[in-house]
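I wanted to look up the ligand site and the pockets, and I start from the model itself.

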Amino acid sequence: MRSLLFVPGDSERKLEKGFASAVDVLLIDLEDSVAPQNKAPARTIAAAAIRDRRASANAAIYVRVNDLASGLIDDDLAVLMAAAPDGIMLPKAEGLADVERLSVKLRVLEAENGLEDGATRILPIVSETAAGVFAAATFGRGSSRLSAVTWGAEDLSAAIGARATRDQNGRYTELFRLARSFTLLAASAADTAAIDTVFVDFRDTAGLRAECAEAERDGFTGKMAIHPDQVAVINEVFTPSPEAVAEAHALVDAFAAAGNPGVVGIGGKMFDRPHLRRAERLLARAKTS
Ligand code: COA
Ligand code: MG
C-alpha cells in the first residue's frame with residue numbers, strides 16, 4: 001500500500017480514470033468530496049463501478065464512507081457492501097472503539113452478502129477530531145481488520161478553529177505535526193502501516209516529492225493522493241530503492257553469518273537488533289511493492 005487515490009464516488013469520469021491509474025489502492029469517496037444531495041446517487045454509481053471494473057483492476061478497492069455520527073453510514077454500507085469492496089475507510093475515527101463499532105456492522109453485512117467473516121479491512125483516519133487524536137493510544141489493542149491508519153489535517157483545523165494548517169514556509173504547524181506523529185505512534189502500537197495524508201497542491205510535483213520523502217524518512221509507508229498525476233511520484237518514493245534493499249540484505253546476511261548475535265560491526269559501524277528489525281521491515285515492504 002504505497003499510493004491511495006481518492007476518487008469522488010459520484011463522478012463516473014473520475015472513477016474510470018482512477019481505475020485506469022497505476023495506484024495501489026482506490027479510495028472511492030462518499031464523504032467530503034460528495035455534496036449532500038449527491039450522496040444517494042454516489043452510492044449507486046460507486047457500487048456499479050466496483051462491480052463492473054474490479055475484475056480488470058490491479059488496485060485494491062476501498063470505500064470512504066461517511067462517519068459514524070453522520071446518519072449516512074448505514075445506507076453507505078448497505079449499498080456498497082453488496083459490491084464487496086476490499087476495505088472501508090472510516091473518517092473521523094475516535095479510537096479503536098470506533099473501528100470496533102464499524103467491525104460489528106461489517107460482520108453483519110458480510111454474513112448478509114455471503115462474504116467471508118472478517119474479509120473487509122478497515123482504514124481509519126485517526127486525527128480528524130480532538131477526541132480522535134487523544135484516542136490514538138487505544139490502537140495498541142489492535143484489530144485484525146486494520147490494514148493501516150492515516151491522518152487528515154483539514155477536518156482537525158475546522159474542529160479546532162485554526163485558520164491554517166501550515167506556516168508561511170509550508171510546514172505544518174505544531175498541532176498538525178502532533179497529529180501526524182500520533183498517527184505514526186498509533187500505527188506502531190497497532191502493528192500496522194502508517195499512511196501519510198494528502199498533498200492538495202496537485203500541480204506542485206516538487207512539493208509532493210519533498211513531502212513524500214519526509215514521510216518515508218519518518219516511518220510512513222505510503223501516501224494518499226487526490227489527483228492521478230500524484231500516483232507515480234508516490235509509488236516511486238515509497239518503493240525501497242535497490243541500494244536500500246541491497247544494504248538491508250547485507251545487514252540481514254551479516255547477522256545470519258555471525259550466528260544471529262545481538263550486535264555486529266560492519267564497515268566500522270555498530271548494528272544491533274533495532275537495525276536488524278528495520279532492515280527486515282524494509283525487505284518486507286520491497287517484496288510487496
Ligand atoms: N481521480 C480520478 N480522476 C481524476 C481525479 C481523481 N482524483 N482528479 C482529476 N481527475 C481527472 C479529471 O477528471 C481530468 O480528466 P479529463 O481530462 O478526462 O476530464 C483529468 O484527471 C485531469 O484533471 P485536472 O483538470 O488536472 O483536474 P480537475 O480540475 O478536473 O480536478 C480536483 C481537480 C481536485 C477537483 C480533482 O483532482 C478531484 O476531484 N480530486 C479528488 C478530490 C477528493 O476526493 N477529495 C476528498 C479527499 S481529500
Ligand atoms: Mg474530511
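Which side chain has an N or O atom 3.0 Å from an oxygen atom of ligand 1? I find that it belongs to Lys-17. I count a polar contact as a pair of N or O atoms within 3.5 Å.

Before going on, I note that this is a predicted model, where local features need pLDDT of at least 70, side-chain atom pairs count only at pLDDT 80 or more, and totals for chains, interfaces and linings use all residues. Residues are numbered from 1 along each chain as its sequence is written, chains are lettered from A and ligands numbered from 1 in the order in which they are written, and side-chain values use heavy atoms, with hydrogens and water left out.

Entry: ligand 1. I looked up two further contacts. A polar side-chain atom of His-227 is 2.7 Å from an oxygen atom of ligand 1. Phe-6 places a backbone N or O atom 2.8 Å from a nitrogen atom of the ligand. Of the 890 Å² of accessible area that ligand 1 has on its own, the protein covers 67% (Shrake-Rupley method, 1.4 Å probe).

Entry: the shell. I get 16 residues around ligand 1, each with a heavy atom within 4 Å of it. Among the closest are Arg-13, Lys-14 and Ile-226. I sort the shell into seven nonpolar, three polar and six charged residues, with Gly counted as polar and Asp, Glu, Lys and Arg as charged.

Entry: pockets. Ligand 1 takes the space of the second largest pocket. A pocket here is an open set of points on a 1 Å grid over the protein atoms alone, where a 1.4 Å probe fits, with protein on both sides within 12 Å along at least five of seven lines; lining residues have an atom within 4 Å of a point. A molecule sits in one if more than half of its atoms lie within 2 Å of its grid points.

The largest pocket has a volume of about 1200 Å³. Its lining has 35 residues, with Thr-221 and Arg-278 among the closest to its centre.

How values were computed: Polar contact = N/O pair within 3.5 Å; in protein donor to acceptor, adjacent residues only side chain to side chain. Points joined across faces, edges and corners; volume = space filled by probe spheres on them.
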